Amino acid sequence: MEKRIEDYDVVVIGGGAGGMTAALYAGRARLKTLLMEKSLIGGLATYTSEIENYPGFPEGIDGTELMKLFDKQFRKFGVNVKLTDCKGVTRLDDGRWNVSTFRTDYHAKAVVLATGGRNRLTGAPGEEKYLDKGISFCATCDAARYTGKKVLIIGSGDAAIEEGLFLTRFCSEVWVSVVHDEGHVDANEVAREKAFNCDKMHFIWNTSVDSFEGGDLLNRVNLKNLKTGEIIPVDVDGCFLFIGYLPNTKLFEGLVDLDSRGYIVTNVDMETNQPGIFAAGDVRAKTLRQVSTAVGDGAVAGYMAERYIGDLETIHSDILSKDKVLVYYYNASEDNDRAVLTKLESYAAQHSVDIKPVDIYKSDKVMRILGGEHLAVSLYKSGKKIATVSVNDSFDLSRIEANL
Amino acid sequence: MAEKYLDCLGEACPVPLVKTQNAIKDMAVGDVLVVGIDHTCAMKNVPDWARGQGYNVEIEEVGDGEWEVVIEKTC
């Protein structure tokens with residue numbers, strides 16, 4: 001089967017809340033945008049039956065319903081949708097990115113990685129059946145549902161103990177299943193201290209989940225003592241799994257910087273270390289993973305992708321497509337920089353060469369994409385950088401003149 | 001590398017899935033099966049099954065409420 005090639009301005013990988021929002025912003029900016037999703041649109045939020053902390057829905061809303069609204073909204077702006085797996089992202093010679101699927105290579109000026117993550121599961125029998133029917137992964141999301149009730153937490157890391165403490169404000173009893181020996185938890189010292197002093201928190205040591213049981217809803221978790229093999233039935237109203245969260249970034253190893261746990265590292269503008277690649281939502285290294293934070297990330301990523309493409313266009317039309325042009329990187333708010341510009345302008349007129357001043361006061365993106373430096377002058381000929389000199393200390397352009 | 005179209009328009013679950021499974025059985029590795037469906041439940045169980053087999057899957061929305069599930073038999 002011959003691979004097709006399609007050109008896009010922006011390709012968003014991942015159809016959760018973050019990806020859909022990025023696509024909405026890009027599409028609304030009239031960029032040719034593609035959203036790629038490996039299974040169904042909606043992402044992790046569709047596993048939540050009631051979202052009560054997404055503003056605008058005072059009565060709360062079903063996660064799937066909310067995602068349907070997102071879906072309807074971003075499609076309004078002409079975004080194309082492909083329901084398929086992304087096989088990889090590689091750099092093309094012309095600086096664009098190739099997002100490949102098994103049938104098509106999508107060539108994009110900017111890419112937004114919004115592949116999200118998934119909660120680690122125990123793999124115990126019954127688990128699948130009770131996901132979101134008593135098994136939960138987020139205390140912030142679900143604590144209110146268990147007011148006055150008894151819950152069991154699986155895990156003993158920071159998330160388990162801190163979220164467990166949060167749950168004690170709502171629940172009558174919070175039990176914690178820990179794989180370690182009595183007195184040992186993985187959580188930080190402060191959380192541990194608080195947990196051990198909390199009357200509502202009880203620990204069941206040396207245990208892991210053997211199975212989940214119930215009717216329509218979960219009502220019992222059978223724990224197994226790892227030393228004796230004894231099965232300990234725990235009757236509960238809910239069970240929280242805090243045994244880890246895994247970002248979907250296997251595909252991007254070696255492409256963008258990841259932190260030690262595999263999350264994509266970005267700055268506040270959602271930029272990764274690769275120019276033109278942005279990240280949004282749960283896949284990003286950050287503290288709070290919610291629909292509301294994914295939306296914020298997506299908006300920034302979509303907007304920054306638009307800005308980046310604007311910069312690329314400027315670079316192409318004003319610099320790379322010219323026979324001969326001098327590029328000057330300066331800060332327009334600095335007297336000295338402006339004085340040098342005046343000198344350069346008369347120099348350029350004398351030598352009948354175009355000049356492109358790049359003001360870095362508001363943004364140094366163009367300079368960074370071109371690999372330039374503040375107070376440097378570069379000569380570009382037909383898209384190629386021929387020579388660069390610094391005009392920081394003296395105004396000596398002889399090395400450029402030799403190439404004019 | 002043959003490409004074959006399987007018309008399941010107007011068919012309710014589980015017929016599209018069963019037809020897909022039968023059609024793929026007779027195909028060679030590298031062949032592509034395009035399944036036309038308009039029943040939303042088939043849009044989930046057909047791709048789910050195919051992915052579970054390790055095949056490449058792409059879903060294309062060809063019209064309002066009408067999809068083509070493209071499956072490449074990879075193994």
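**Close-up views of a predicted two-chain model**

**View 1. A bridge between the chains in a predicted model.** B:Ile59, in strand 3 of chain B, is the bridge partner of A:Leu83. The model shown here and in the other views is predicted. Strand 3 (residues 80–84) of chain A pairs with strand 3 of chain B in the antiparallel sense, over two bridges. In general, strands of a sheet pair through backbone hydrogen bonds, either parallel or antiparallel.

**View 2. The contact between chain A and chain B.** Eight residues of chain A and nine residues of chain B take part in the contact. On the side of chain B that touches chain A, two elements give two or more residues: strand 3 (56–63) and strand 4 (66–72) of chain B. Strand 3 of chain B supplies the largest share of that side, five residues. By class, the residues of the side of chain B that touches chain A are five nonpolar, three charged and one polar.

**View 3. Two helices of chain B.** In general, two packed helices are described by the angle between their axes and the distance between the axes. Helix 1 (residues 15–25) and helix 2 (residues 40–52) of chain B have axes that come within 9 Å and cross at roughly 25°. Angles under 35 degrees count as roughly parallel, so helix 1 of chain B is roughly parallel to helix 2 of chain B. Their crossing is right-handed. Helix 1 of chain B contributes B:Pro16, B:Leu17 and B:Thr20 to the contact, and helix 2 of chain B contributes B:Ala42, B:Asn45, B:Val46 and B:Trp49. This contact has five nonpolar and two polar residues, and no charged residues.

**View 4. An open sheet in chain A.** The sheet has four strands in the order 19-18-20-21, with mixed pairing. Strand 19 (354–359) and strand 21 (384–390) of chain A stand at the edges with a single partner strand each, so one side of each has no neighbour in the sheet. From one strand to the next the twist averages 20°. Strand 20 (residues 376–381) of chain A runs antiparallel to strand 21 of chain A, and six bridges join them. A:Leu379 stands opposite A:Ala387 in strand 21 of chain A. Helix 8 (residues 335–350) of chain A packs on the sheet and touches strand 18 (324–330), strand 19 and strand 20 of chain A. The direction of helix 8 makes about 170° with that of strand 18 of chain A.

**View 5. Confidence along chain B.** The pLDDT of chain B averages 90, and 100% of the residues score at least 70. Among the elements of chain B, strand 2 (residues 32–37) has the highest mean pLDDT (95) and strand 3 the lowest (87). The model scores pTM 0.77 and ipTM 0.73.

Technical notes: Residues are numbered from 1 along each chain as its sequence is written. Chains are lettered from A and ligands numbered from 1 in the order in which they are written. This is a predicted model: local features need pLDDT of at least 70, side-chain atom pairs count only at pLDDT 80 or more; totals for chains, interfaces and linings use all residues. Two residues are in contact if their C-beta atoms, placed from the backbone, lie within 7 Å. Ala, Val, Leu, Ile, Met, Phe, Trp, Tyr, Cys and Pro count as nonpolar, Asp, Glu, Lys and Arg as charged, and the others, Gly among them, as polar. Two strands pair if DSSP finds at least two bridges between them. Axes are lines fitted to C-alpha atoms, for helices over the stretch in contact, and angles run from 0 to 180 degrees between N-to-C directions. Angles under 35 degrees count as roughly parallel, over 145 as roughly antiparallel, 65 to 115 as roughly perpendicular and the rest as oblique. A crossing is left-handed if the near helix is turned anticlockwise from the far one by less than a right angle, and right-handed if clockwise. pLDDT is the predictor's confidence in each residue, from 0 to 100.
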